[in-house]
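Trainee: I have not looked at this protein before, and I would like to learn how to read it one feature at a time.
Mentor: Then let us open the sequence and the structure together and begin with a single residue.

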Amino acid sequence: MASRRSFMGFTLGAAAAVGGVFTLVGMKKTWDPLPSVKAAGFTTVDLSPLADGELRTVEWRKKPIFILKKSKDMEESNTDVVAGDSRYTVVIGLCTHLGCIPAYHEKDKNFVCACHGGVFDINGKNMAGPPPTPLEIPPFAIDGTKLVLGEIGKEYEEIMKNVGKA
């Protein structure tokens, strides 16, 4: 009789353990982000087709990202993104005052927010008006001539160390 009880106890314990494992696996699956959410986190942009002085706007996480390929006559900055032999300004295209989308003025080489007169230079630095800070730099990594938005690469980390330095 005692061996029957221990066998029943062992069987019940094993069933509970198996049920617990399935429960934990199910819970983990609900905590993991959906594949569609993971995919929305990264956007890859091929930089090679951009001409000098060309601005391209892409969307990342429902935000406009300005990518400006700098020509030789444009001011270099410690926030420039370097891919190959080219330099780029890569910023989130939302004014840091109230979130409006500034327009790029090619002739003046600046970004102007028409809502409240905010002006940002070619590097995204706030120059005039109410914007309290420069345009934000999205996290990115460089993969050859491709910009991977949403991934924190060594290039991004290096730029973020230099932000605010002259």
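Mentor: L147 touches T43, T44, V45, L47, I67, V81, V90, F140, A141 and I142, not counting residues up to four places away in sequence, where contact means heavy atoms within 4.5 Å. This is a predicted model, in which local features need pLDDT of at least 70 and side-chain atom pairs count only at pLDDT 80 or more, while totals for chains, interfaces and linings use all residues. Residues are numbered from 1 along each chain as its sequence is written, and side-chain values use heavy atoms, with hydrogens and water left out.

Trainee: Is L147 buried or exposed?
Mentor: Buried means under 20% relative accessible area, exposed over 50%, and partly exposed in between, with a 1.4 Å probe and protein chains only. L147 has a relative accessible area of 0% and is therefore buried. Across the protein, buried residues make up 35% of the 166 residues.

Trainee: Which strand holds L147?
Mentor: Helices (H or I, at least four residues) and strands (E, at least two) are DSSP runs, numbered from the N terminus. L147 is found in strand β11, and the C-alpha atoms of L147 and F42, which are 105 residues apart along the chain, are separated by 10.0 Å.

Trainee: How many helices and strands does the protein have?
Mentor: The secondary structure comes to three helices and 11 strands, and from the N terminus on the elements run α-α-β-β-β-β-β-β-β-β-β-β-β-α. Among the contacts in the protein with a separation of 6 or more, 42% are between residues 24 or more positions apart.

Trainee: What is the order of the strands in the sheet that includes β11?
Mentor: Two strands pair if DSSP finds at least two bridges between them. Here an open sheet of three strands has the order β1-β11-β10, with antiparallel pairing. Because β1 (43-46) and β10 (140-143) stand at the edges with a single partner strand each, one side of each is left without a neighbour in the sheet. Neighbouring strands of this sheet are turned by 20° against each other on average, direction ignored, where the axes are lines fitted to C-alpha atoms, for helices over the stretch in contact, and angles run from 0 to 180 degrees between N-to-C directions.

Trainee: Which residues stand opposite K146 in β11?
Mentor: Four bridges join β1 to strand β11 (residues 146-149), the two running antiparallel, and in this pairing D46 stands opposite K146. β10 and β11 are likewise joined by four bridges and run antiparallel, with D143 standing opposite K146. The hairpin of β10 and β11 has two residues between the strands, and in it G144 takes a positive phi near 70°.

Trainee: Which residues other than glycine take a positive phi?
Mentor: Most residues other than glycine have a negative phi, and most peptide bonds are trans. R61 has a positive phi of about 50° although it is not a glycine, and its place is in the loop between β2 and β3. K109, also not a glycine, has a positive phi of about 55° and is found in the loop between β6 (103-105) and β7 (110-113). With a relative accessible area of 30%, K109 is partly exposed.

Trainee: How many strands does the sheet with β2 and β3 have?
Mentor: This open sheet has four strands in the order β2-β3-β5-β4, with antiparallel pairing. Its edges are β2 (55-60) and β4 (81-83), each with a single partner strand, so one side of each is left without a neighbour in the sheet. Neighbouring strands here are turned by 30° against each other on average, direction ignored. β2 and strand β3 (residues 63-69) pair in the antiparallel sense over six bridges, and T57 has F66 as its bridge partner in β3.

Trainee: Where is S86 found, and what does S86 touch?
Mentor: S86 is found in strand β5 (residues 86-92) and counts as buried at 17% relative accessibility. Leaving out residues up to four places away in sequence, S86 touches K69 and V81. The C-alpha atoms of S86 and L47, 39 residues apart along the chain, are separated by 9.3 Å.
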